[in-house]
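Dear colleague,

I am passing on the structure we talked about, which follows directly below. After it you will find notes on what turned up when I went through it.

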Amino acid sequence: GLLLFSVALGLGGMAAARCPGPCICDNLRSQVFCLNGNLTAIPETIPQLTKKLDLRGNSFTIIPVGAFLDTPYLTHLDLQCCKVERLEEGAFRGLGRLVYLNLASNSITLLYQESLDGLSSLQQLILEGNRIEEIQPGAFGHLGSLTVLDLRANALVYLPDMVFQGLQVLRWLRLSHNTLHVLGSEAFAALPALRRLSLDHNELQALPSEALASLDGATRLDLGHNPITYIAEEALAMASLKHLFLDHAALQDVAPDAFTRSPQLRTLDLRENQLRGLPPLAGAGGLARVSLAGNPLLCSCLLRPFHDWLARARVQAEGSCTAPPALRGRPLDSLRPPEMRCGRPLPSPSPTAPLERPRVAGSGQCPRGCSCSPDFHHGSCENRDLREIPRGFPGDTRLLDLRRNAFRVVPPGAFPGLKELVSLHLQSCDIGVLQPGALQGLENLVYLYLTSNRLSTLAAAAFKGAPRLAYLDLDHNAFTRLPVGTFQLLPNLISLHLQHNAIRELGEGELAGAGGLRWLYLAGNTIKRIAPTALAPTKMLEKLHLEGNRLVEVPTSALWGLPALSELKLSRNPIKHVGDGAFLPVASSLQHLYLDNMGLEQISPGAFTGLGPKIRSLFLESNKMSNIPNMSNFTGLEILNLRDVPFHCDCQLLPLRRWIDKLNLRVGATCGSPAEARGLKVKLSTTFQTCPGWGQGEAGGTSPGKTKAASKPSKKKRWGKSPARGSKKSKA
């Protein structure tokens with residue numbers, strides 16, 4: 001026994017010795033924490049026996065092949081907020097014991113077929129809050145143990161057939177808060193164990209009846225917050241469905257037998273729609289509750305059949321009358337049939353059910369040297385050293401992968417007969433010219449990837465014939481300015497990637513026509529100037545990424561007229577001073593602000609004027625200022641990074657010190673001076689103990705920039721009441 005104890009002690013000591021510098025290793029629990037450590041690569045010396053690894057808040061960008069081969073015993077891996085842009089194929093190989101993987105709040109745009117290879121035991125996969133625009137069929141093929149897949153808040157527009165193949169035991173699929181408006185008829189065909197599907201907060205204009213029909217075992221379906229206007233006859237054929245949520249949609253009418261083929265339906269949520277009434281819902285024999293609150297119900301004789309049916313079927317209904325005036329505000333369940341009279345009846349809405357687009361049958365043989373999958377509608381000629389774009393793909397091909405060839409030129413009509421094509425991959429193809437008419441006939445194309453080519457200009461006519469294009473990737477090319485006029489032919493463009501080109505300025509009128517653009521990525525260019533009206537056409541812009549350019553000031557004048565902008569990245573620009581009102585034009589919408597790694601020397605007291613509770617994350621790390629302005633009204637902060645900022649820890653900083661105490665956040669603030677405090681956490685520095693008012697305790701301080709008022713009782717009372725800040729739980 002003594003020998004075994006000695007060996008265990010030796011192993012524990014060896015593990016502790018191998019603990020990476022910025023990490024904390026708990027060998028008894030086999031846990032390693034490397035939080036907010038500014039790591040740019042996965043540490044190589046993580047103890048081999050580690051089971052839980054927490055890497056949140058670092059800067060990895062890429063998870064390379066075999067990144068975790070040295071830690072094969074991992075069961076839990078957390079990579080939230082790590083600025084990950086790409087998962088290389090085979091990144092997680094060797095993690096056969098992993099049951100939980102969290103990749104939320106990163107910048108992943110694409111899931112390839114082998115991105116998640118090796119995770120045979122994984123049960124929960126969290127990909128919420130990334131920028132995933134597309135999932136290639138087979139991406140989840142190796143996840144046979146997965147029970148929860150979270151893809152909320154990404155940029156998905158389209159789900160191809162069999163995209164979730166391999167998820168045999170998946171029980172909950174979360175697709176909320178995307179921009180989905182096209183679902184393949186067999187998108188959910190390979191999910192036999194699914195019990196809950198969340199499709200709320202998307203852009204579905206009709207009930208995806210065909211896609212949902214394969215979900216025999218699903219009991220809950222969330223479809224709220226979609227612009228669905230009509231539910232047609234027998235539209236929902238889900239044998240086990242018990243709870244259906246269609247709240248906050250655009251419903252104007254529901255067919256009487258809409259739910260006949262969902263006999264188990266118990267609750268139906270139709271709140272906040274545009275329904276003036278409902279017919280008796282024949283066939284919904286098990287229905288127990290219908291919610292119609294927030295609809296403009298007309299309680300006339302036209303509603304009497306529905307009211308009578310509620311009583312006969314003993315269905316509880318929520319909702320109140322909007323008209324006629326005599327019944328306004330009356331709950332449905334309080335009405336008596338004689339009260340529901342008709343004067344001059346208003347015509348009831350009779351919207352036409354959306355026509356189903358006919359499916360185009362496959363035609364033609366697969367080109368020589370390529371592979372075509374009829375099940376996935378997927379064609380691939382990746383890395384075949386082709387000099388010309390091959391022809392002859394099946395007519396129902398929806399995803400075409402031509403990466404890593406040498407086409408140089410894309411000629412007119414390069415993709416004949418591919419009217420069903422949704423996604424086209426032309427990355428790393430040495431393309432220098434996209435000729436006019438190159439995309440002619442691609443009327444359903446949504447995604448176009450032209451990353452890592454030689455493009456320096458684009459003719460607007462190159463996009464003629466592809467009006468539905470929503471995602472355009474042009475990063476790592478040779479553009480020196482935005483391709484003027486291009487966007488006039490792309491009315492549905494949502495996302496534009498132009499990172500790592502050689503763009504020097506954004507000029508007036510260059511984004512004309514991009515009225516629907518939501519995400520503009522311009523990182524890693526050489527932009528020195530943004531014209532005041534350059535961004536004016538993009539009134540729906542939500543994300544603007546300008547990191548790694550040559551701006552010397554915040555482009556305040558260019559931010560006017562962007563009422564939806566929620567994320568602004570200015571990291572790694574040589575901005576030394578942020579002046580008063582710098583973010584005032586977007587103060588009402590901005591949630592995420594990146595001002596890190598700029599060499600910033602001064603932030604004016606009024607720099608954050610207008611910003612307040614909406615701000616959720618603020619990145620100020622790796623700068624040179626010694627103090628920061630008042631941020632006491634930033635009550636909604638979830639992330640605040642103040643690492644590697646040389647704060648001067650004297651009495652003028654006491655308000656910041658007290659404010660940090662009240663934040664339940666890791667902020668990483670460190671003293672840069674005076675000498676006796678250098679390197680200490682601001683919270684742990686003793687230099688503040690000689691300051692006036694120190695003895696009043698943690699609740700006695702004021703917000704940054706108001707030191708003189710620190711001793712006033714009114715301030716003490718205000719800080720003490722703040723519900724969002726717990727002084728004793730601070731992790732700063």
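**Salt bridges**

The side chains of D385 and R387 form a salt bridge with an N to O distance of 2.6 Å, where a salt bridge is a side-chain nitrogen of Lys or Arg within 4 Å of a carboxyl oxygen of Asp or Glu. D385 and R387 are both exposed, and the terms for burial used here are buried for under 20% relative accessible area, exposed for over 50%, and partly exposed in between, with a 1.4 Å probe and protein chains only. Salt bridges with shared partners also tie E128, D150, R152 and R174 into one network.

Before going further, please keep in mind that this is a predicted model, in which local features need pLDDT of at least 70 and side-chain atom pairs count only at pLDDT 80 or more, while totals for chains, interfaces and linings use all residues. Residues are numbered from 1 along each chain as its sequence is written, and side-chain values use heavy atoms, with hydrogens and water left out.

Over the whole structure, the search finds 28 salt bridges. Another of them joins the side chains of D222 and R196, at 3.4 Å from N to O. This pair links distant parts of the chain, since D222 lies in strand β16 (residues 220-222) and R196 in strand β15 (residues 196-198), 26 residues apart; helices (H or I, at least four residues) and strands (E, at least two) are DSSP runs, numbered from the N terminus. D222 is buried, at 6% relative accessible area, whereas R196 is partly exposed at 24%. A further salt bridge is made by the side chains of R330 and E339, at 3.0 Å from N to O; here R330 is partly exposed, with a relative accessibility of 24%, and E339 is buried, with a relative accessible area of 18%.

**The protein as a whole**

The protein contains five helices and 45 strands, and buried residues account for 53% of its 732 residues. Of the contacts between residues at least 6 apart in sequence, 54% join residues at least 24 apart, a contact being heavy atoms within 4.5 Å.

**A pocket and a cavity**

The second largest pocket has a volume of about 1200 Å³. It is lined by 41 residues, and those closest to its centre are T61, I62, E85, R86 and Q499. By class, its lining has eight nonpolar, 18 polar and 15 charged residues, where Ala, Val, Leu, Ile, Met, Phe, Trp, Tyr, Cys and Pro count as nonpolar, Asp, Glu, Lys and Arg as charged, and the others, Gly among them, as polar.

On a 1 Å grid over the protein atoms alone, a cavity is a set of points where a 1.4 Å probe fits but cannot get out, and a pocket is an open set with protein on both sides within 12 Å along at least five of seven lines, with lining residues having an atom within 4 Å of a point. Grid points are joined across faces, edges and corners, and a volume is the space filled by probe spheres set on the points.

The structure holds one cavity of 30 Å³ or more, and the largest cavity has a volume of about 40 Å³. The residues lining the largest cavity are P390, R391, G392, F393, A414, F415, P416 and L418, which by class are six nonpolar, one polar and one charged.

**Individual places in the chain**

G379 sits in strand β26 (residues 378-380) and is buried, at 0% relative accessibility. Apart from its neighbours within four places in sequence, G379 contacts S371, C372, T397, L399, L400 and D401; G379 and L399 are 20 residues apart in sequence, with their C-alpha atoms 6.2 Å apart.

M540 belongs to the loop between β36 (529-530) and β37 (543-545) and is partly exposed, with a relative accessible area of 41%. Not counting residues up to four places away in sequence, M540 touches G515, G516, L517, R518 and A564.

Finally, helix α4 (residues 654-662) is mostly covered, with nine of its nine residues buried; among them are W659, R657 and D661.

With best wishes
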